[in-house]
Amino acid sequence: MKQTAGRDSLGEFAPMFAHLNDDVLFGEVWDQEAISAKTKCIVTIVALVEISQ
């Protein structure tokens, strides 16, 4: 599945951010199979909780 959320929302306003979000973060980093999807989700949630404190 190809991620397009950044491009759809901010493509015209911030094209570099859209590229980094869609192609690099979700296209390259998130799709790597070195870590399971479940572990990636848990790490993401923990990081967000830490930031909000």
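Reply: Start with accessibility: buried means under 20% relative accessible area, exposed means over 50%, and partly exposed is in between, with a 1.4 Å probe and protein chains only. This is a predicted model, where local features need pLDDT of at least 70, side-chain atom pairs count only at pLDDT 80 or more, and totals for chains, interfaces and linings use all residues. Residues are numbered from 1 along each chain as its sequence is written, and side-chain values use heavy atoms, with hydrogens and water left out.

Me: How far apart are the C-alpha atoms of Ala5 and Ile51?
Reply: They are separated by 22 Å, and the two residues are 46 apart along the chain.

Me: How many helices and strands are there?
Reply: The chain has 3 helices and 0 strands, giving the pattern α-α-α along the sequence. The radius of gyration is 13 Å, well over the 10 Å that the globule rule gives for 53 residues, so the chain is more spread out than a compact globule. That radius is taken over C-alpha atoms, and the globule rule is 2.2 Å times the number of residues to the power 0.38. Along its principal axes, the C-alpha trace spans about 30 × 30 × 15 Å.

Me: What share of the residues is buried?
Reply: 11% of the 53 residues count as buried.

Me: Which residues of H2 are buried, and what do they pack against?
Reply: The buried ones are Ala18, Asn21 and Asp22, and they pack against H1. Contact here means heavy atoms within 4.5 Å.

Me: Take Asn21. What does it touch?
Reply: Leaving out residues up to four places away in sequence, Asn21 touches Gly6 and Phe26. Asn21 is buried because its relative accessible area is 16%.

Me: And Leu20, buried or partly exposed?
Reply: Leu20 is partly exposed, at 41% relative accessibility. Its place is in helix H2. Leu20 and Arg7 are 13 residues apart in sequence, with 9.7 Å between their C-alpha atoms.

Me: Switching to the outside. Where does Phe13 lie?
Reply: Phe13 lies in the loop between helix H1 (5-10) and helix H2 (15-29). Phe13 is exposed, with a relative accessible area of 74%.

Me: Which residues make the nonpolar surface patch?
Reply: Leu10, Phe13 and Phe17 make a patch of about 350 Å². Patches are made of residues with over 30% relative accessible area and no salt bridge; like charges are joined within 9 Å, nonpolar side chains (Val, Leu, Ile, Met, Phe, Trp, Tyr) within 5 Å. A salt bridge is a side-chain nitrogen of Lys or Arg within 4 Å of a carboxyl oxygen of Asp or Glu. Accessible areas come from the Shrake-Rupley method with a 1.4 Å probe; for residues, only the protein chains shown count as cover.

Me: Last one: which element has the lowest mean pLDDT?
Reply: H1 has the lowest, at 77, and helix H3 (residues 37-52) the highest, at 88. pLDDT is the predictor's confidence in each residue, from 0 to 100.

Methods
Helices (H or I, at least four residues) and strands (E, at least two) are DSSP runs, numbered from the N terminus.
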